[in-house]
Amino acid sequence: MSMTAVTRAPWARPMVEFAGLIAMGAAYTLIRAQQGTDPGQAFAHSAAIFSHEHWLFEHLELPFNHWMAATTLVAVPACYFYAVFHYVMTPFVFVMSWRAGGWVYRRGYWTLVIASGVALVLYATYAAAPPRLMPELGSIDVLRRFADYGWWGEAASAPRAIGDATNQYAAMPSLHFGWSLWCAIQMWSFGGRTWRTVAVLYPTVQVLVVIGTANHYLGDVLVGGLCVLAAEGIVLAVRRVARVRGARLVLNTGSP
């Protein structure tokens, strides 16, 4: 093997994985940008979600949404949190996972890819409007109400004038929470009191923000979390099978 091949080999896998993430990001953007051919179905699905969590929505989610909408000192930071952290924290934690390397990175990479892939399928097949677009339920669109405090317009966190480029009917599942849970799992693996404190706080605040701003139902949050936990389970199961097969191979070959 040439010296060039030896030098390049360690970078081959990261380059392929990085290309995979770019492709996933492109698919995410394209699917999220599709408004769908039947908005009526998105509202029907939203009404169905509401019907399943009727009591929780009216006694927990809606009062919290109204309180946040009436409390500027809470609402404005919540709007910025919703609009910023989803797109900053996930790449940051991914880079830190890459620096950690080993199983922490491998598990994190594949969990993120699988969970995001499942979410994309749901976005493409199950359009659902967020509660902020269902004023008949009593919901208040907090980001829209406080749009003068930031760069976003009437389409959640989308910048003004390009709201049509985002899919407002992709509320199920909540990847705002799903990715925050993924970040929490990764940060917990980094060890240390600071990382683990942030690991607990970040997804907790994310839940409060997406519910308080009426961008997601609690059901959206739960499904977003399940996407990540299911992906994590798949990755762990594959690793377990690989280890068992590796052990059998050692036994069959008589290797130490």
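Trainee: At what angle do helix H4 (residues 72–100) and H5 pack, and how far apart are their axes?

Mentor: In this predicted model, the angle between H4 and H5 is about 145°, and their axes are 7 Å apart. Helices (H or I, at least four residues) are DSSP runs, numbered from the N terminus. Axes are lines fitted to C-alpha atoms over the stretch in contact, and angles run from 0 to 180 degrees between N-to-C directions. Residues are numbered from 1 along each chain as its sequence is written. Local features need pLDDT of at least 70, side-chain atom pairs count only at pLDDT 80 or more, totals for chains, interfaces and linings use all residues, and side-chain values use heavy atoms, without hydrogens and water.

Trainee: Which residues of H4 and H5 meet?

Mentor: Thr 90, Phe 94, Ser 97, Trp 98 and Ala 100 of H4 meet Gly 102, Val 104, Tyr 105, Tyr 109 and Leu 112 of H5. Contact means heavy atoms within 4.5 Å. These residues divide into 7 nonpolar, 3 polar and no charged. Ala, Val, Leu, Ile, Met, Phe, Trp, Tyr, Cys and Pro count as nonpolar, Asp, Glu, Lys and Arg as charged, and the others, Gly among them, as polar.

Trainee: Why are H3 and H8 called roughly perpendicular?

Mentor: H3 and helix H8 (residues 193–212) pack at about 85°, with axes 8 Å apart. Angles of 65 to 115 degrees count as roughly perpendicular (under 35 is roughly parallel, over 145 roughly antiparallel, the rest oblique). H3 and H8 are therefore roughly perpendicular.

Trainee: What makes Glu 232 and Arg 107 a salt bridge?

Mentor: The term requires a side-chain nitrogen of Lys or Arg within 4 Å of a carboxyl oxygen of Asp or Glu. The closest N and O atoms of Glu 232 and Arg 107 are 3.5 Å apart, so the pair forms a salt bridge. Glu 232 lies in helix H9 (residues 218–253) and Arg 107 in helix H5 (residues 102–125), so the pair ties together parts 125 residues apart in sequence. The count comes to 2 salt bridges.

Notes: Helix = DSSP H or I, 4+ residues; strand = E, 2+ residues; numbered from the N terminus.
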